[in-house]
Amino acid sequence: MIRLPSRRDEGWRWADLRLAERLRAVPPANDRLPDLAALRLPVPARRAVLAGGTVVDAGGLVARADPDRSLAPHPLADIAAEEARAGLVLEVGAGEDGGIVECVHVGTSGAQHAVLRVVLGAGARLVLVQTVADGAAEHWSNIRLDVRLEAGAELLRVLRVATGRGLVSARAAVRLAASARLCDLSLVASPAAARIETHALLEGEGARAELHGVLIARGPAGLDAVSRVDHAVPATASRQVWRLLAAGTAQAAVEGAVVVAPGAQKSDAAQSLRGMVLQRTAAVNLKPELAIHADDVSCAHGCAVGEIDPLQRFYLESRGLPRSAAQALLLRAFASEALAALADPRLSEPVTADLVRQLEALA
Amino acid sequence: MLDIRDLHVRVEDRPILEGVTLSVGAGEVHALMGPNGAGKSTLAHVLAGREGFEVTAGSVTFLGQDLLAMEPHARAAAGLFLGFQYPVEIPGVSNLLFLRTALNAQRRQRGEPEISGAEFLRRVRAEAEVLGLDMEMLKRPVNVGFSGGEKKRNEAFQMGILAPRFALLDETDSGLDIDALKVVADGINRFRGPDRGVLLITHYQRLLDHVRPDAVHVMAAGRIVASGGPELARRLEAEGYGALAA
């Protein structure tokens with residue numbers, strides 16, 4: 001049996017996996033599902049639903065757990081591969097447009113695992129939305145996504161986690177061939193626990209990955225993200241923008257890693273990690289990690305934690321905005337920086353509306 | 001309109017204002033002058049409701065209401081506008097979104113209907129043209145990347161759109177070249193009216209060459225030490241604050 005990582009393990013210091021330990025041996029229950037219509041992103045899409053470790057609706061996808069075994073080991077992803085009873089496979093042929101696919105994951109009481117596999121042929125396109133929600137029960141929902149983008153393929157993925165209880169661990173590993181494009185946005189808003197990992201492997205020249213995220217931690221939440229890009233070959237590019245907000249006694253953390261392999265010259269990486277604490281009882285941890293083994297590269301990074309600027313707030317109030325509205329406007333401005341790369345007009349409006357709604361829950 | 005009586009204010013146990021009494025009636029423009037550290041900007045921020053200032057004595061009545069009992073946004077909705085000496089940069093919030101949100105927040109507080117998008121844009125265009133502001137600039141984040149002069153013009157622009165009853169202008173003239181000074185002065189002169197009031201805080205006589213005040217007050221060490229007509233400003237320019245502040 002694969003061992004769960006603990007806080008003593010490198011890279012897991014801020015992860016709150018207590019529910020995984022407690023629920024690992026508890027099979028998922030067949031709980032009543034919450035209202036799915038209210039959960040999904042309001043865009044025209046093909047939709048699949050997974051709940052309690054089973055495929056409720058394959059939405060036209062192939063129902064099979066088929067992990068990419070060539071990926072490096074990862075404890076939670078490997079547990080998913082080992083224990084998943086359900087999964088989906090989505091292949092988009094070369095040059096085809098797969099449209100928008102939304103996969104709704106519902107956590108029911110107990111532990112459940114899912115494996116998603118996406119393969120985009122050369123020049124293919126896809127928008128993948130993953131929406132993770134739950135009911136009233138404690139759960140561990142462990143989701144593995146393995147993606148391969150062939151030359152020139154383009155994937156836009158939005159991960160939305162809006163859970164009330166339980167632990168969500170979602171790990172995406174994306175391999176990009178030459179000139180492939182990945183734009184990835186994680187929008188996680190929860191009073192519970194989450195461990196979100198996105199790992200982009202730039203394996204072909206001209207590949208570009210954008211890994212962005214917003215963590216909105218409220219109540220007793222422990223939200224933890226890892227955003228990692230491997231520049232394995234020359235002339236690849238990456239951008240990472242993460243904005244973390246923590247209120248109450250919540251904790252939010254992100255590790256942003258950029259790894260430039262020996263010989264990966266002309267790598268172009270930029271990373272910005274910023275946090276905001278709404279009360280002094282909350283905490284944000286930022287961990288930029290740059291491992292650069294080539295000399296002709298550009299790797300910009302910045303990282304800062306702060307609070308709402310009282311002078312900015314007063315300026316807005318002095319123009320007639322009540323304090324709560326002034327604060328909401330400042331928080332929106334702060335978090336929106338992570339959404340700037342979301343260029344698809346079909347998604348930018350509903351995702352922004354999603355963000356605004358989640359920020360309102362903070363006020 | 002604005003009636004300040006014996007106002008005492010502390011910041012972290014340090015007295016800054018020590019009994020300010022000043023009254024500005026409807027239709028009047030008053031200038032408040034004085035050396036650095038006299039307490040002019042503190043007075044402006046206390047009137048607008050900024051946190052961190054402790055009023056230990058005195059009262060302020062604005063249009064018959066107890067101003068000090070009101071939240072900052074309610075003071076704005078009641079018609080008070082503070083033009084900042086150092087306008088604040090707010091990344092990520094576009095000028096126009098901010099201004100429309102603020103205008104509608106004020107209108108809601110006053111029980112008025114929200115302004116339509118078309119009407120708002122009509123006002124914006126008209127005001128921008130008068131102040132020589134570029135529409136593209138107004139779509140950018142609030143004051144971010146603006147020059148000192150652009151920031152001050154943006155304050156005048158906001159004042160034009162929000163149409164307050166009383167303008168409290170804190171060193172609106174600092175950092176302006178002579179052309180920008182004239183534009184801002186024209187803005188103040190256009191704002192003047194029988195039911196409006198202005199308190200103009202300034203270091204220098206030069207703004208008063210373009211905006212003729214009805215009264216001039218000199219503040220030093222937290223008190224008004226002299227009051228008079230426009231000639232007082234010219235005397236100060238010639239003789240300095242030293243004689244009055246002593």
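In which hand does α4(B) pass α6(B), left-handed or right-handed? In this predicted model, the crossing of α4(B) with α6(B) is right-handed. Helix α4 of chain B covers residues 117-131 and helix α6 of chain B covers residues 148-162; their axes come within 10 Å and cross at roughly 140 degrees. At that angle, α4(B) counts as oblique to α6(B). On the α4(B) side, the contact is made by B:Phe120, B:Arg123, B:Val124, B:Glu127, B:Ala128 and B:Leu131, while α6(B) contributes B:Arg153, B:Ala156, B:Phe157, B:Gly160 and B:Ile161.

Turning to chain A, we meet a sheet. Here 10 strands form an open sheet with mixed pairing, arranged in the order β2-β1-β5-β7-β9-β11-β13-β15-β17-β19. The edges are taken by β2 (54-57) and β19 (298-306) of chain A, each of which has a single partner strand, so one side of each is left without a neighbour in the sheet. From one strand to the next, the twist averages 10 degrees.

Within this sheet, strands β15 (residues 237-246) and β17 (residues 268-277) of chain A run parallel and are joined by 10 bridges. One bridge pairs A:Trp242 with A:Leu273 of β17(A).

Helices also meet these strands. Helix α5 of chain A (residues 323-336) lies across β13 (208-217), β15 and β17 of chain A, running at about 155 degrees to β15(A). Helix α6 of chain A (residues 345-360) packs on the sheet as well, touching strands that include β5 (97-107), β7 (125-134) and β9 (154-161); the direction of α6 in chain A makes about 25 degrees with that of β11(A).

Technical notes:
Residues are numbered from 1 along each chain as its sequence is written. Chains are lettered from A and ligands numbered from 1 in the order in which they are written. This is a predicted model: local features need pLDDT of at least 70, side-chain atom pairs count only at pLDDT 80 or more; totals for chains, interfaces and linings use all residues. Side-chain values use heavy atoms; hydrogens and water are left out. Axes are lines fitted to C-alpha atoms, for helices over the stretch in contact, and angles run from 0 to 180 degrees between N-to-C directions. Helices (H or I, at least four residues) and strands (E, at least two) are DSSP runs, numbered from the N terminus. Angles under 35 degrees count as roughly parallel, over 145 as roughly antiparallel, 65 to 115 as roughly perpendicular and the rest as oblique. A crossing is left-handed if the near helix is turned anticlockwise from the far one by less than a right angle, and right-handed if clockwise. Contact means heavy atoms within 4.5 Å. Two strands pair if DSSP finds at least two bridges between them.
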